[in-house]
Amino acid sequence: METVTTSIRTDAQLKREADRLFAKLGMNFSTAVNTFLRQAVREQGLPFRPTLDVPNAETLAAMREADRIAADPDARGYSTVDELFSDLEG
């Protein structure tokens, strides 16, 4: 198989973060790029991207809020959806 060297320009911090991510996924930068290219060609479009199961900032904030509510003895609880909607209406 003939190979060629490809050069791309990217932000240094982004490259460091990508290298750390790819290492966690068991590959180096070159393998990750080749995986992306092969999948793109196979699908004839942008491929899915493997990710670590890490929640984003919005999800983390919602999880912290849920923990606070769950720990609050004064938080209102509902036994049924009807009870919730009744309280919301009024």
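User: Which helix is the place of Q39, and what makes Q39 buried?

Analyst: In this predicted model, Q39 has its place in helix α2, a helix here being a DSSP run of H or I with at least four residues, numbered from the N terminus (strands are E runs of at least two). Its relative accessible area is 16%, and since buried means under 20%, exposed over 50% and partly exposed in between, with a 1.4 Å probe and protein chains only, Q39 is called buried.

User: What should be kept in mind about the numbering and the selection of atoms?

Analyst: Residues are numbered from 1 along each chain as its sequence is written, and side-chain values use heavy atoms, with hydrogens and water left out. Because the model is predicted, local features need pLDDT of at least 70 and side-chain atom pairs count only at pLDDT 80 or more, while totals for chains, interfaces and linings use all residues.

User: How do you know that a polar contact joins the side chains of Q39 and E43, and which residues does Q39 touch beyond four places away in sequence?

Analyst: A polar contact is a pair of N or O atoms within 3.5 Å, where within protein one atom must be able to donate a hydrogen and the other to accept it, and where residues adjacent in sequence count only if both atoms are side-chain atoms. The contact between the side chains of Q39 and E43 is 2.5 Å, so the distance falls inside that limit. When residues up to four places away in sequence are not counted, Q39 touches P47 and F48, contact meaning heavy atoms within 4.5 Å.

User: Why is the pairing of K15 with D19 called a salt bridge?

Analyst: The term requires a side-chain nitrogen of Lys or Arg within 4 Å of a carboxyl oxygen of Asp or Glu. For K15 and D19 the closest N and O atoms are 2.7 Å apart, so the pair meets the rule. The two residues are four apart in helix α1 (residues 12-24), which means that about one helical turn separates them. With relative accessible areas of 28% for K15 and 30% for D19, each is partly exposed. In general, side chains of opposite charge can pair when their charged atoms come close.

User: How many salt bridges does the rule give, and what makes R76 and E83 a salt bridge?

Analyst: The count comes to two salt bridges. In the pair of R76 and E83 the closest N and O atoms are 3.3 Å apart, and a polar contact of 3.3 Å also joins these side chains. R76 has its place in the loop between α3 (57-71) and α4 (81-89) and is exposed at 51%, whereas E83 is partly exposed at 27%. Not counting residues up to four places away in sequence, R76 touches E83 and D87; R76 and D87 are eleven residues apart in sequence and 9.9 Å apart in space, C-alpha to C-alpha.

User: Why is the pair of F22 and F29 called tilted?

Analyst: The structure holds one aromatic pair. The rings of F22 and F29 have their centres 6.0 Å apart and their planes at 55°. Rings of Phe, Tyr and Trp (its six-membered ring) pair if their centres lie within 6.5 Å, and planes under 30 degrees apart count as stacked, over 60 as edge-to-face and the rest as tilted, so this pair is tilted. F22 counts as buried at 17%, whereas F29 is partly exposed at 23%.

User: What makes the nonpolar surface patch?

Analyst: V33, F36, L37 and L46 make a nonpolar surface patch of about 390 Å², the area coming from the Shrake-Rupley method with a 1.4 Å probe and, for residues, only the protein chains shown as cover. Patch residues have over 30% relative accessible area and no salt bridge, with nonpolar side chains (Val, Leu, Ile, Met, Phe, Trp, Tyr) joined within 5 Å and like charges within 9 Å. F36, found in helix α2 (residues 29-43), has 41% and counts as partly exposed, and L37, also found in helix α2, counts as partly exposed at 45%, so both F36 and L37 pass the area limit.

User: How do you know that Q44 is exposed, and what is the value of its phi?

Analyst: Q44 lies in the loop between α2 and α3, and its 70% relative accessibility makes Q44 count as exposed. Phi of Q44 is near 55°, a positive value in a residue other than glycine. Most residues other than glycine have a negative phi.
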